[in-house]
Amino acid sequence: MAMFVLVVDTSIMNVSISAVVKDIDATVSGIQSAIALEALVSAAFILIGSKVGDLIGRKRAYVIGLLCYATGAVAMMLAQSLLPIIIFWAVIGGLGASLLLPAMQSLIHGNFEGANQARVYAMVGASAAIAAAVGPLIGGFITTFLSWRVAFGLEALIIVVVLSGIKLVRDVPYTGPRQVDTLGALLSVLGMGGIVIGILVWQEGGEAVGILLAVGIFGLGALAYWLVRRKRQNKPTLIDPDLFQSKMFRLGVTGQMMQQIALGGTMIVLPIYLQMVLGYNALQAGLSIAPLSLTMFGVAMLAGKRVGRRRPATLILWGFVLLTAGLLILIPIVPRADSGWWLLGPLVVSGVGLGLLVSQLNAYTLSPISNERVSEAAGVNSAAGSFGLSFGLAFAGAIMLASLSLIFTSMAMASEVLPADEQQQVAEVLEEDAEFMSNTALAELLVGQPEAIQAEIIRINTDARPIALQIALLIPILAGGIGLLNGFRMRRLPDPKPDEAVDGMLLG
């Protein structure tokens with residue numbers, strides 16, 4: 001139930017963007033930034049969260065993580081502006097996830113053994129897959145017929161149910177070293193945070209973007225150097241750099257990151273487009289993107305049973321092929337699409353690809369790791385996935401909104417209908433006030449303007465939005481292409497050996 005809440009939380013936010021924007025008088029970019037920030041905080045602190053759980057107790061960390069998520073859900077119920085959403089849902093909720101995920105893994109690992117352990121891991125993994133599949137539908141239905149606030153209220157209620165049974169969970173004591181790699185922890189936050197926050201600041205038109213990105217790159221480079229140095233000195237490290245000596249692990253982590261960048265980018269730009277361009281409500285948007293999530297779930301379940309004799313690397317390669325192909329098919333369809341039905345075929349193709357990746361990547365990545373180190377390796381794998389998701393959400397969304405701004409300005413300045421002295425003013429208004437606004441809503445803003453100018457501005461709005469989506473889709477397509485090249489490298493390595501403990505590590 002806890003894993004279900006974690007996964008369904010972002011799905012609800014994605015399909016409810018238009019309703020949230022309207023209710024709290026926010027902007028699309030503001031809500032998109034909050035979604036990306038939540039994933040970023042989780043990624044930046046998940047390695048630290050694992051160590052915190054070791055020090056304070058895994059059960060206590062699990063409970064604190066759940067309470068953080070409940071705080072975010074209650075804040076969403078009561079929020080009247082963007083600020084509490086950023087503070088309580090994105091930051092505190094993200095911190096909760098960074099505590100909850102590693103603690104959940106450790107508690108399952110310590111409370112169950114052998115076949116029972118693998119079975120419980122599989123149940124939690126299945127819960128995550130089901131949440132990913134039905135999340136857009138549940139969120140869309142509740143938002144449309146009740147309110148997005150009710151959806152988050154139900155999240156808090158589920159957490160209350162989970163906490164009511166907390167006495168059934170036996171804590172798992174930590175017996176390893178209790179020293180903390182403080183500098184390593186700070187560098188990990190600095191590196192991942194600098195890159196994604198730099199992108200978010202650029203999206204909002206802020207300054208010092210280059211400095212933030214440079215700080216992020218420096219932080220990641222310094223982290224790598226620091227970990228190697230600490231390891232040579234035989235001192236505790238945030239993560240063991242020797243994990244990356246396995247080529248299979250390196251390729252698997254890279255594949256995990258590329259998959260999540262593609263998924264995050266796709267799952268932010270399509271809901272924005274469907275709601276702000278086609279004017280869909282949350283349920284219609286959820287139904288339109290459901291082919292992607294439902295196909296991913298179905299294929300993951302089938303492929304997870306190891307049907308056939310194909311090598312895992314081959315399935316991963318085909319996963320990236322189909323994921324990229326489906327997104328490429330969307331590019332020429334977008335300008336012609338007047339309903340979500342146009343997206344059905346490409347999303348099914350991409351969903352099949354994602355299903356193959358979800359079923360194979362975790363086990364492939366962790367297969368060369370010994371049982372003693374598998375929890376640490378799973379934490380690194382989860383951090384890479386969370387960072388990829390936050391990067392995809394932030395970068396694809398930022399590219400989409402930045403492209404829209406540039407295209408608006410270019411088309412307005414080139415218009416032969418708009419008077420020369422009004423072209424710049426119209427461009428600025430379109431950038432600031434018509435950010436992915438439906439033509440109906442835009443027409444309401446233009447009441448009082450001459451009919452020719454109204455028609456021209458609506459034409460610019462109509463022509464600019466599909467181009468912006470096409471440009472934004474290049475981000476997940478590029479990630480899929482890199483994953484494809486990564487897949488060819490995987491095929492050159494021998495097949496990983498199956499391991500029950502590893503097969504269950506589907507968290508994050």
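The structure is a predicted model, in which local features need pLDDT of at least 70 and side-chain atom pairs count only at pLDDT 80 or more, while totals for chains, interfaces and linings use all residues. Residues are numbered from 1 along each chain as its sequence is written, and side-chain values use heavy atoms, with hydrogens and water left out.

The chain holds 18 helices and 0 strands; helices (H or I, at least four residues) and strands (E, at least two) are DSSP runs, numbered from the N terminus. Of the 508 residues, 56% count as buried. Here, buried means under 20% relative accessible area, exposed means over 50%, and partly exposed lies in between (1.4 Å probe, protein chains only).

Axes are lines fitted to C-alpha atoms, for helices over the stretch in contact, and angles run from 0 to 180 degrees between N-to-C directions. Angles under 35 degrees count as roughly parallel, over 145 as roughly antiparallel, 65 to 115 as roughly perpendicular and the rest as oblique. The H1 and H5 crossing is left-handed, a term used if the near helix is turned anticlockwise from the far one by less than a right angle, with right-handed used if clockwise. On the H1 side, Ala2, Met3, Leu6, Asp9 and Met13 take part, and they meet Ile85, Trp89, Leu100, Leu101 and Met104 of H5. By class, this contact of H1 with H5 has 9 nonpolar residues, no polar ones and 1 charged. In this scheme Ala, Val, Leu, Ile, Met, Phe, Trp, Tyr, Cys and Pro count as nonpolar, Asp, Glu, Lys and Arg as charged, and the others, Gly among them, as polar.

With helix H13 (residues 344-366), the axes come within 7 Å and cross at roughly 150°, so H12 and H13 are roughly antiparallel to each other. H12 passes H13 in a left-handed crossing, and the residues of this contact divide into 21 nonpolar, 5 polar and no charged. With H17, H12 packs at an angle of about 160°, the axes being 8 Å apart, and that makes H12 roughly antiparallel to H17. This crossing, too, is left-handed. The contact includes Phe320 and Leu327 of H12, and Leu473 and Phe488 of H17. Its residues comprise 15 nonpolar, 7 polar and 1 charged.

Helix H17 (residues 451-491) also contains Ile467. With 32% relative accessibility, Ile467 counts as partly exposed. Leaving aside neighbours within four places in sequence, Ile467 is in contact with Ile407 and Met411.

A pair of aromatic rings is described by the distance of the centres and the angle of the planes. A search of the whole structure finds 4 aromatic pairs. Rings of Phe, Tyr and Trp (its six-membered ring) pair if their centres lie within 6.5 Å; planes under 30 degrees apart count as stacked, over 60 as edge-to-face and the rest as tilted. Trp148 and Phe152 form an edge-to-face pair, at 6.4 Å centre to centre and 85° between the planes. Both lie in helix H7 (residues 148-164), 4 residues apart, about one turn of the helix. Trp148 is buried at 1% relative accessibility, and Phe152 is buried at 0%. The rings of Phe391 and Phe395 have centres 5.3 Å apart and planes at 40°, so this pair is tilted. These residues are 4 residues apart in helix H14 (residues 374-414), separated by about one helical turn. Phe395 is partly exposed, at 24% relative accessibility.

Finally, two loop residues deserve a look. Asp25 has a positive phi of about 55° although it is not a glycine; Asp25 sits in the loop between helix H2 (17-24) and helix H3 (28-56) and is exposed, at 72% relative accessibility. Asn234, likewise not a glycine, has a positive phi of about 60°. Asn234 lies in the loop between helix H9 (209-232) and helix H10 (247-276), and its relative accessibility of 72% makes it exposed.

Methods. Contact = heavy atoms within 4.5 Å.
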